[in-house]
Amino acid sequence: MDGISDVTVGVKRGSDELSMYNSPISGMSISDGASDGTDNKKPRVEEAPPSRVLHIRKLPSEASETEVIALGLPFGKVTNILTLKGKNQAFLEMGTEEAAITMVNYYATVNPHVRNVPVFIQYSNHKELKTDAGNQRTQAVLQAVSAVQSSGSSSSDVQEALAAVSSPVLRIIIDNMFYPVTLDALQQIFSKFGTVMKIITFTKNNQFQALLQFSDPVNAQHAKLALDGQNIYNSCCTLRIDFSKLVNLNVKYNNDKSRDYTRPELPAGDGQPSLDPAVAAAFSKESNSLLGKIPGALNPLSAAAAAAAAAGRVALAGQAGSNGVLLVSNLNEEMVTPQSLFTLFGVYGDVQRVKILYNKKDSALIQMSDANQAQLAMSHLNGQKMYGKIIRVTLSKHQTVALPRDGLDDQGLTKDYANSPLHRFKKPGSKNFQNIFPPSATLHLSNIPQDVTEDDLRLLFSDTGGTVKAFKFFQDRKMALIQMSTVEEAIQALIDLHNYNVGKKQHLRVSFSKSTI
């Protein structure tokens with residue numbers, strides 16, 4: 001484009017003009033100078049009369065309607081839009097011709113960019129755009145812009161409204177997560193509203209969160225309207241849903257924390273369970289093919305059944321018969337003991353038995369009370385560091401952990417904790433059910449004697465090999481928060497000091513906290 005600036009104002013390309021461009025998306029007929037925006041022909045420069053309809057070309061192929069509308073927002077009301085995805089072009093209709101002229105004049109001196117790519121803006125031959133009201137997404141975008149602009153809100157408010165109606169990505173937070181919510185369960189729940197393309201799960205501020213991308217923003221809107229505030233299980237696992245400011249998710253690995261359903265060939269990444277090849281093949285054929293196979297998802301429980309499940313009496317609906325045995329591998333065999341595994345995994349359920357494998361001492365079998373507790377422990381502890389090594393936690397094929405035969409010495413590698421007084425969840429309705437959080441650097445301490453000081457506790461926790469970063473007593477001084485420098489240090493401190501005798505027959509209670517100091 002020799003001698004032509006990045007913004008071409010008042011250009012009509014006669015040889016490239018489309019006689020009638022029928023958009024199958026919006027049902028609008030267009031006739032305008034509209035090449036595909038990718039040719040290198042030098043255009044014939046002619047003056048085109050000002051119009052409130054602007055023709056934008058050389059858009060990046062992934063550009064969204066939001067980003068096109070954002071070009072016009074500073075100059076006045078945007079009243080219509082048509083994107084020609086295959087042509088890398090769009091038509092933007094401003095509320096007035098004056099607004100369009102101001103926009104063109106401005107971009108004649110300041111190069112407009114979309115996704116860091118320079119784009120070309122000129123007047124269109126059209127005086128207005130006539131769109132088909134059946135295009136839900138376009139109508140939703142325009143309605144949001146109109147509503148916010150007419151209320152006299154700021155440009156940032158308009159941008160937020162735009163993001164809300166045109167982002168296909170939802171941000172999901174799960175409150176009161178007494179039971180694990182897996183990536184597969186989210187896929188099943190949200191697939192009822194459209195094609196789920198990508199999911200990324202993570203923990204932020206000690207809360208389980210997810211980013212989920214639909215193929216179309218309209219699907220995201222419908223899912224948010226239907227699911228926001230709903231419980232996955234009765235009385236718990238509440239969905240809090242907002243629109244993300246992101247318009248596309250970049251998934252690098254297919255494993256239990258992230259998945260791109262459009263790319264089943266992605267690697268699993270280090271230390272993460274990978275997708276089974278058969279599962280990957282099923283996803284590559286149809287992303288919704290596994291619907292209905294995730295146990296318990298949006299399967300309503302009665303309050304009594306939920307309470308019983310929480311107490312470890314019964315498995316959740318759909319999971320009866322599943323076993324509660326976990327296989328833990330990559331353990332530090334010089335340091336690990338059945339007691340340390342009992343203490344750590346006991347944060348997420350009542351451990352019944354622990355067996356460190358005789359011929360493979362970096363691996364252990366842990367039997368929880370039921371499958372739900374096993375899932376909960378697996379979702380929170382897989383990938384965490386214990387004694388300097390990243391442990392891997394998976395469901396075992398074993399139904400139970402066998403005790404050694406009478407008279408057989410297995411060097412103390414197998415322990416039976418069925419009657420342990422240290423189980424956290426043996427009392428139905430215990431507050432412990434409401435305080436299950438992922439491993440965090442901040443620990444919650446309770447059952448502290450009145451004569452134990454902050455210095456006593458700081459020294460006690462420093463002796464576990466970590467650094468105490470902060471400390472805070474609760475008002476009654478029976479409870480406190482203590483913050484270690486890393487999650488690994490906090491895990492070590494919990495293993496060493498949960499049930500520690502702090503005097504007067506009082507034993508310290510230690511758990512992970514969602515709070516920070």
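Biologist: In this predicted model, is Arg477 buried, partly exposed or exposed?

Modeller: Arg477 is found in the loop between strand 23 and strand 24, and Arg477 has a positive phi of about 65° although it is not a glycine. Buried means under 20% relative accessible area and exposed means over 50%. Because the relative accessible area of Arg477 is 34%, this residue is partly exposed.

Biologist: Is Asn88, which also lies in a loop, buried or exposed?

Modeller: The loop that holds Asn88 runs between strand 4 and strand 5 (89–94), and Asn88 has a positive phi of about 60° although it is not a glycine. Most residues other than glycine have a negative phi. The cut-off for a buried residue is under 20% relative accessible area, and since the relative accessibility of Asn88 is 16%, Asn88 counts as buried.

Biologist: How much space lies in the second largest cavity?

Modeller: A search of the whole structure finds 5 cavities of 30 Å³ or more. The lining of the second largest cavity includes Asn88, together with residues such as Leu84, Lys85 and Gln89, and by class this lining has 5 nonpolar, 5 polar and 1 charged residues. The space in the second largest cavity is about 60 Å³.

Biologist: How far apart in space are Ile81 and Met94, C-alpha to C-alpha?

Modeller: Ile81 has its place in strand 4 (residues 78–84), and with a relative accessible area of 2% Ile81 is buried. In sequence, Ile81 and Met94 are 13 residues apart, while in space their C-alpha to C-alpha distance is 9.0 Å.

Biologist: Which strand supplies the largest share of the lining of the second largest pocket?

Modeller: The second largest pocket holds about 670 Å³ of space and is lined by 27 residues, of which Arg424, Asn432, Ser446, Arg509 and Ser511 lie nearest its centre. By class, its lining has 11 nonpolar, 10 polar and 6 charged residues. Strand 22 (442–446) and strand 25 (509–512) each supply at least two residues of this lining, and the largest share, 4 residues, comes from strand 25.

Biologist: Why do the buried residues of helix 11 line one face of the helix, and within what arc do they fall?

Modeller: The buried residues of helix 11 (residues 454–462) are Leu457, Leu460 and Phe461. Seen down the axis of helix 11, these buried residues line one face of the helix because they fall within an arc of 90°.

Biologist: Which residues are exposed on the other side of helix 11?

Modeller: The buried residues of helix 11 pack against strand 22, strand 23 (468–473), strand 24 (480–484), helix 12 (487–497) and strand 25. On the other side of helix 11, the exposed residues are Asp455 and Leu459.

Biologist: Over residues 273–321, what level does the pLDDT stay below?

Modeller: The protein chain has a mean pLDDT of 77, and 72% of its residues reach 70 or more. Over residues 1–45 the pLDDT stays under 50, and the model has 111 contacts beyond four places in sequence for this stretch. Residues 273–321 have 88 contacts in the model beyond near neighbours in sequence, and over this stretch the pLDDT is below 50.

Notes. Residues are numbered from 1 along each chain as its sequence is written. This is a predicted model: local features need pLDDT of at least 70, side-chain atom pairs count only at pLDDT 80 or more; totals for chains, interfaces and linings use all residues. Side-chain values use heavy atoms; hydrogens and water are left out. On a 1 Å grid over the protein atoms alone, a cavity is a set of points where a 1.4 Å probe fits but cannot get out, and a pocket is an open set with protein on both sides within 12 Å along at least five of seven lines; lining residues have an atom within 4 Å of a point. Grid points are joined across faces, edges and corners, and a volume is the space filled by probe spheres set on the points. Ala, Val, Leu, Ile, Met, Phe, Trp, Tyr, Cys and Pro count as nonpolar, Asp, Glu, Lys and Arg as charged, and the others, Gly among them, as polar. Buried means under 20% relative accessible area, exposed over 50%, partly exposed in between (1.4 Å probe, protein chains only). pLDDT is the predictor's confidence in each residue, from 0 to 100. Contact means heavy atoms within 4.5 Å. The arc is that of the directions from the helix axis to the C-beta atoms.
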